[in-house]
Amino acid sequence: MLDTIERWFERGLRGLAYAGGLILAGLAALVIYEIVMRYFFGRPFRGGFEITELAMAVIVACGLPYTAIRNGHVSVDVLSRWLDRPAFRWLNCAVHGAGAAMLALLSWQAFDYALRGMGYGDITNMMRIPKYPFQFAVAVSTALFSAVLVLRALQALQPAPERAKSGDAQ
Amino acid sequence: MTPTLAGILGFLALFLLLAVRMPIGLAMMIVGAAGIALLNSTTAALNNLGSFAYSYSAVYTLSVIPLFVLMGAFATVSGMGADMYRTAFAWVGHRRGGLAAATIIACAGFAALSGSSIASAATMGKVSLPEMERYRYNPRLATGAIAAGGTLGILIPPSTVLIVYALLTEQSVGRLFLAGVVPGLLLTVLFVLTVFAVAVFNPQAGPPGERIPMGERFGILMHSGALIFVVLIVIGGIYAGVFTVTEAAAVGAGLTFLHALWTRRLTMAKFLSALLDTIKTTAMVFFILIGAHFFAPFLALTRIPVELADGVGDLEIPAFAILMVIILAYIVLGTFLEGFAMMVLTVPIVLPVITTLGYDPIWFGIIMVLVLEMGLISPPVGLNVFVVKGVAPDVPLGEVYRGILPFWGAMAVGVALLVMFPQIALFLPDTMLGK
């Protein structure tokens, strides 16, 4: 049951990560376009800086929950031999649960921050793009990250001892 | 509660959370936010929670991270690593241990496109290991060379580790990249010498490959033309001031993408998987950075870094001895802590001490990367070793570690040389960018 949920959840988050990847590819193209305009046409494109900043927020937001469900966030693995024993499943559940609670709090505050920004019209300096949609993206992303950890907390309680964990880093 | 006590408790809590496998970014976030709530105010902590995840992702200078990772991902797909290996093989393959030396040289070349040790070891491992098996290389030498060579990825620019160090210490990325060039080449030479030394002591370890006539060697060199061209444009462009580091990264990603298209190695599936890998690495690095931005202000509130630096400054111990203790502590920490994690955890505390002692932060960054590299290939959690094990599943882990030992020694020599002659790192940035 939980594994089915994880499979579908992972598929959805992967779609989000692809979207982030395409935005990154677009960002690379934009930066190259800027260089070409500056050197060959003598017309610097002035919005690039701000677009890059906003794109970065979206790229990170798209990647955080996918990386979480792929166990890609770095953790210290020294005690795994002990912690994977069934006796520690409550501890593992609590660790994931605490992480989920922290991220839920962060997400809530980030929603609040975005709402306030929307309220007083927080915009970028040059192109006057409102920042709140990008702040909402971060809030949604951390909410999804929190959901991944809730799933992990429930999975930790399952008796199934051998769960494939792929940790990739750097 | 006094700030110092809160700081000590904070560190204890952090290590406890890390020990039970909480992701490092999350652990720093929890301890940092709790500490800020305690020492400053709950309102401040909640405000930070609301804004930091956005405001520390939406940063222009940080865009170099995903762009360089993307460049490395496309370079992996485009087969530039394999081309580089063929070139290195043509020039040194006929010597004893030549294939292992070629692996090191190819790793160094690939490192100039990739900022990740894991990617370098994985890419070159897939290319060079079958060759070394074909020539009946001792598996120790073969796997050791790949694991060690891969670590060059984070020393030779571009390097994700150096970018993160630059952000944490407010140093210039370009200056750090320049500082990494000569030590990177030095380490490459030390590794190659190590290979030849192993081959001299144990002639069976690395039988010579076939000799390729001089004329053909230059022809094969042209195969690596694309790699050399991209490196010259990207790194040369930064040094010549033609573009910013961000622009260089975007141009590099564009060029490696075009090369992958040109060589017809880029399928839709590979394109998407390159994007996915890039996003995953990016999110991993940014989550640590966001967590570090919670932990750093908490540490500043505890005043521990300042007081520690003052205390160390007043000590009657020579600066050199303290430096040695710090380096040794890093080598020990590096054996079980992941590189990024170790850096974000320790830099806010160690850097003030280092600067108080009168050492250069750029130079120390290079030392730190070298020490991180040693951690990448030492037991019990050498990430590169696991990567190599993935490519060579038949070689027992113990054999890999034994094969790595001589290279680990070469790295220690590298650190010693850098400590004795800081100019190895500082010469290039000081002459090209001024002091």
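Let's start with aromatic pairs: a search of the whole structure finds 19 of them over all chains. Rings of Phe, Tyr and Trp (its six-membered ring) pair if their centres lie within 6.5 Å; planes under 30 degrees apart are stacked, over 60 edge-to-face, and the rest tilted. One edge-to-face pair is A:Tyr132 with A:Phe136, 6.2 Å centre to centre and with 85° between the planes.

Before going on, a word on the model: it is predicted, so local features need pLDDT of at least 70 and side-chain atom pairs pLDDT 80 or more, while totals for chains, interfaces and linings use all residues. Residues are numbered from 1 along each chain as written, chains are lettered from A and ligands numbered from 1 in the order written, and side-chain values use heavy atoms, without hydrogens and water.

Back to our pair: A:Tyr132 and A:Phe136 both sit in helix α5 of chain A (residues 132-157), four residues apart, about one turn of the helix. Helices here are DSSP runs of H or I, at least four residues, and strands are runs of E, at least two, numbered from the N terminus.

In chain B, one aromatic cluster is formed by B:Phe11, B:Phe15, B:Phe295 and B:Phe298.

What sits over the ring of B:Trp91? The charged end of B:Arg217 does, 5.7 Å from the ring's centre. The rule is NZ of Lys or CZ of Arg within 6 Å of the ring centre and within 35 degrees of the ring normal. In chain A, A:Arg81 lies over the face of A:Trp82, 5.6 Å from the ring centre.

Finally, chain B as a whole: 21 helices and zero strands.
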